[in-house]
Amino acid sequence: MRFTNGADPSPAGSSIGNGLQIRNGARAAAKLYHGHDREEVTRLILQTLQDLGYASAATALEQESHTLVESSEVAAFKESVLQGNWDKVEQLLSLLEFQQEGDAPNALFIVREQKYLELLEQRNVPGALQVLRSELTSLTTTLNHNVPRLHFLSSLMMCLCSEDLYEQARWDGANGTSRRMLLGRLQRYVSPSAMIPEHRLATLLDQAKAHQVSECLYHNSAQPISLFDDHECDKNEFPSTTIEVLDGHKDEVWFVKFSNNGKFLASASKDRTVVIWDVEAFEGLHVLEGHDDAVSYVDWSPDDSKLLTCATDHNVRLYDVRTGGLVRVFQAHHEPVSSCAWLPSGQGFITGSMDGEIIMWNLQGGITHKWSGSRIYDLAVSMDGSRLVSICTAKKMHIYNLITKVTEASVTMPSDLTCVTISKDSRYALINVATKEVHLWDLERVRLVRKFSGQVQGKYVIRSAFGGLDESFVISGSEDACVYIWNKEHGTLVEKLEGHVGTVNSVSWNPSNAYMFASAGDDQTVRIWSKSPELRGRM
């Protein structure tokens, strides 16, 4: 940080250097607090005391430690920004220490941008035009990357009123939060040793908690984490015990999925039926009949009022969940329908078939779009409605833009693919690969993030899913009659659960109960897994 007159440090009792030590010298001899810089710790405590409203305690600490949370220049700078005193802001900006060379023009640009917007808000068009032409344009010569931003700011001159300006600029005015947000943006450029980021101690505590959670292999609890001890979830509270065995089918169960509200469960079987189960009582509510061959897939509508079923009889059927009655049959595929997925709006859905076609339908039975290619094994739609991901017999993953309907990416995999599911945040996809692995893909960057290995597959369609609190786990069926669960962040296998007899085809984690998931197998059963009975009261 530079001094106002460029001279040596001020006399004792005034701010110098970073403006933090009251006693003589640019900085006292370094002292450590359990390995941490003593002055930095003191400044963080001072900032936190002020945040908590303990002004007297903060003043007492300043006097005893001879330390200030920030220099007088920084304090004046922050106050000037909040008051909109832009001439003084620019004057004080020249005294601040920046993180990198070249950051000063960036900081000055966003200050002048705020000044320009406030003049437009006041309908002071001549003043705004002066700032645009003389102050912002001159900076754009230095900052070539800000040229598009300058053009956008110029277009705001056409706004007819303040409300139009707020909408076009996505800005809430001088009396809103814009000035405080400007301080946050300026923080990116100013050295943190000079201007401590807001609520810094709270941020560090959040990071410490997040680190402990990431290191906890069995983390599955929404209970607040105490600062007083190290966090570690009890393995015994992990859902690893079968609490119910549902035996409503007469043949292999190929698919299982919880409703979005977690109150119901649907299971699809080779016996040509789908059973809707009440999760609270674990009793069958409806047996959906009508398919002429094995049912391979189901999907719940976003509001859980309807259920789609797909079968090897080439048909898709839509049922009313409340009554169990058939609403409509959709016929267009010429081979087994392998998968289906609702659109987030609930006004349509997409089906994939072994005939190589992906069809987008409306609820009246009309076809609104088609994609053609290889035989489809599975598909999924992101919750934000932006993407469709499919896998096919050509060992490829295809990513489609659902808005433009164009292909964003196609990736060839090392082996056959049997399942795809997308995370709730629409960012990641899980894909089961016949090389006895489950792959986690980043859909934004189209890159493989992590592999989960251990499950057995090679002959049959095995399905996986995200699950647990914040989708912290990956769960998969397996041909060795076991359910496999991995920690998503570490890739570590945390559970291998026995119980089924024969292949475990499908798994589903209850979206509203982190302590419950279901598995479906060739043994004609659906198993419900949770905590052991003596621990279930703690859910």
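Predicted model: local features only at pLDDT ≥ 70, side-chain atom pairs only at ≥ 80, totals over all residues.

Trainee: How many salt bridges does the structure hold?

Mentor: Side chains of opposite charge can pair when their charged atoms come close. The structure holds 16 salt bridges.

Trainee: With which residue does K531 form a salt bridge?

Mentor: The partner of K531 is E237, and the closest N and O atoms are 3.4 Å apart. K531 lies in the segment after β30 (526-530) and E237 in the loop between α10 and β3, so this pair ties together parts that are 294 residues apart in sequence.

Trainee: Are K531 and E237 buried or exposed?

Mentor: A residue is called buried when its relative accessible area is under 20%. K531 has a relative accessibility of 0% and therefore counts as buried. E237, at 19%, is buried as well.

Trainee: Where do R375 and E335 lie in the chain?

Mentor: Their side chains meet in a salt bridge of 2.9 Å, N to O. R375 is in the loop between β15 (367-372) and β16, while E335 is in the loop between β11 (326-331) and β12 (337-342), so that distant parts of the chain, 40 residues apart, are linked. R375 counts as partly exposed at 35% relative accessibility, and E335 counts as partly exposed at 28%.

Trainee: What does the salt bridge between E444 and R387 tie together?

Mentor: The side chains of E444 and R387 meet at 3.3 Å, N to O. Because E444 lies in the loop between β22 (437-442) and β23 (447-453) and R387 in strand β17, the pair ties together parts 57 residues apart in sequence. E444 is partly exposed, at 48%, whereas R387 is buried, at 10%. Elsewhere, salt bridges that share partners join E90, R112, K115 and E135 into one network.

Trainee: Which backbone atom does the side chain of S426 reach?

Mentor: The side chain of S426 reaches the backbone nitrogen of M383 at 3.3 Å. S426 lies in the loop between β20 (417-422) and β21 (428-433), and M383 in the loop between β16 (376-381) and β17 (387-392). S426 is buried, with a relative accessible area of 4%, but M383 is exposed, with 56%.

Trainee: Which residues gather in a patch of negative charge on the surface?

Mentor: The patch is formed by D229, D230, E232 and D234. E232 lies in the loop between α10 (200-215) and β3 (241-246) and is exposed, with a relative accessible area of 70%.

Methods: Residues numbered from 1 in each chain as written. Heavy atoms only, no water. Patch = residues over 30% accessible without salt bridge, like charges linked within 9 Å, V, L, I, M, F, W, Y side chains within 5 Å. Areas by Shrake-Rupley, 256 points an atom, 1.4 Å probe, with all protein chains shown as cover. Salt bridge = Lys/Arg side-chain N within 4 Å of Asp/Glu carboxyl O. Lys, Arg positive; Asp, Glu negative; His and termini not counted. Charge placed at Lys NZ, Arg CZ, Asp CG, Glu CD. Helix = DSSP H or I, 4+ residues; strand = E, 2+ residues; numbered from the N terminus. Buried < 20%, exposed > 50% of the residue type's maximum accessible area, 1.4 Å probe, protein only. Polar contact = N/O pair within 3.5 Å; in protein donor to acceptor, adjacent residues only side chain to side chain.
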